Amino acid sequence: MSRAWLLAAAVVLPIQPALAQSTEAGVNSEWQTQWHGIGIGQKEVFKLPRACPVAAQALEAAKQGDFAGFCSFYEGVTTNQPPERIKSRYNDLNSLLKRYACLIAHEAVMTNTSNGQITVYSAMSIVPRELLADNAVPDSEGALKALIIFARLSGDSWKLLVERMDEELENALRRQADPLCYRPNVFSKKAVDQMVRQSHDAQLEKMRKDGASGPTITSMREVFQVMEKGIPVASWETWTNCYKAVILDPPVVFDIRDEMKIDFSNPISACRSYHRAAFLRDTQTLTNHSDTYFGAELPKRYEREKAQLPSLRTNVSVVSQSRITMLLTAMTSVDGKDYAMVLWRSQDAEAPTKKRISFQKSFFVHDSQRKSYLLTEDMSHGSVFNSLFGLQGAAAVGFSTYNDFYEAMKKSRFPKHFYTVE
């Protein structure tokens, strides 16, 4: 194994695997998904990242009967000769949005790199969640389905796409979103709650039979768990309260090149040990301190990263991101397992304000028998636990220059030391 890809795994790659991968030859791409759960028409929806505000505006236009406005949000569509698919979608939405309160549930994002060109795509699941009026006539049981909308970043703005661009992804998003759609009932709250749990359990069982991965199922179970508890998680404050977040102030700072004792007994030391082991090319330690799925995926991930790095020289800038600043820990439990997340910042050790910088997350599951925290992907496939950067007050920015990073983060409600570098 080469030193280059292990360094990349240590300091750049978030533990957030693809929901679906493009199979287009010669294209390096992957979809990454996160939960939003914000209603169309709520002011918070316009604070969501990427294409979500554009999709919300298009849906509002459809609800108001503004066909021209609706078309204006789509790439290459005019009202003179609109595609039949657009006219059909407009009519369906106009009817749906007059009867149901809808929300943007999950969003998947992909960056395509081909022939030196970078293109960013978004796919959003739109869920009809509740009837707008108590006396409204609902659709028949099971008739409601989530709508999947694709978009592309065009210049500085997002445009919705007429056609689906990834059928596999669309199906995966719909499997996650369809169980969230409104279902009619005439039962007591206790009976309804029981029916909801049974419906969720049935959907999870169907996902298992359909071959969904363990992490995908666990992430969806966590979404259901939050919904069943009636916990509103829509902002930085509600997320930190829900997941018992601990702000590290002062933060824990280290360099992956520093000597340290490998220790996975708590989330902080586990995160540091993970970075150190990857830097040392210590695959045995990483495998020994991974759950079954993560341990099996490690060799595949490293081979992919190795193939994407043409040479060691290509990775020089990645190697320089050796300073890690751990900022926050959060905890949750799903199906009797305790999970931890560590939010950390990666930066250059010598000149951080002149180089690129980013926020990233690592997930761990507690092994009570070994009294150890193991690397896991269980929470990284669209769980609410992994939704922090899509929430109100929690700004999102990718691997960017420090100035861009700082300007975006100072608009958030993060503590100042999260994004301030001396």
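Two strands count as paired if DSSP finds at least two bridges between them. The exercises below concern a predicted model.

**Exercise 1.** Determine in which sense strands β9 and β10 pair, and over how many bridges.

*Solution.* Step 1: locate the strands; β9 covers residues 356–367 and β10 covers residues 372–375. Step 2: apply the criterion of at least two bridges. The two strands are joined by four bridges, in the antiparallel sense.

**Exercise 2.** Examine the backbone at Asp-335, Lys-371 and the bond between Asp-249 and Pro-250.

*Solution.* Most residues other than glycine have a negative phi, and most peptide bonds are trans. Step 2: consider phi. Asp-335 is not a glycine, yet its phi is positive, about 50°; Lys-371, also not a glycine, has a positive phi of about 50°. Asp-335 belongs to the loop between β7 (323–334) and β8 (337–347), and Lys-371 to the loop between β9 and β10. Step 4: classify their accessibility, for which exposed means over 50% relative accessible area. Asp-335 has 56% and is therefore exposed; Lys-371 has 65% and is therefore exposed. Step 5: consider omega. The peptide bond joining Asp-249 and Pro-250 is cis, with omega about 10°, and Pro-250 lies in strand β6 (residues 246–255).

**Exercise 3.** Classify the ring pair Phe-67 and Tyr-90, and then the pair Tyr-406 and Tyr-419.

*Solution.* Step 1: state the cut-offs; centres must lie within 6.5 Å, and planes over 60 degrees apart count as edge-to-face. Step 2: the centres of Phe-67 and Tyr-90 are 4.9 Å apart with planes at 70°, so this pair is edge-to-face. Phe-67 lies in helix α3 and Tyr-90 in helix α4, 23 residues apart. Phe-67 is partly exposed at 21% relative accessible area, whereas Tyr-90 is buried at 11%. Step 3: for Tyr-406 and Tyr-419 the centres are 5.4 Å apart and the planes at 65°, so this pair is also edge-to-face. Tyr-406 is in helix α13, and Tyr-419 is in the segment after α13. Tyr-406 is partly exposed at 23%; Tyr-419 is buried at 7%.

**Exercise 4.** Identify the residues that touch the most other members of the largest nonpolar core.

*Solution.* Step 1: among the 85 residues of this core, they are Met-124, Leu-160 and Trp-239. Step 2: find the main contributor; helix α2 (residues 52–63) supplies the largest share, eight residues. Step 3: inspect Leu-160, whose contacts include Val-54, Phe-73, Met-124 and Ile-149.

How values were computed:
Residues numbered from 1 in each chain as written. Predicted model: local features only at pLDDT ≥ 70, side-chain atom pairs only at ≥ 80, totals over all residues. Heavy atoms only, no water. Core = buried A, V, L, I, M, F, W, Y, C linked by side-chain atoms within 4.5 Å. Buried < 20%, exposed > 50% of the residue type's maximum accessible area, 1.4 Å probe, protein only. Contact = heavy atoms within 4.5 Å. Phe/Tyr/Trp six-rings, centres within 6.5 Å; stacked < 30°, edge-to-face > 60°. Lists of a residue's contacts leave out its neighbours within four places in sequence.
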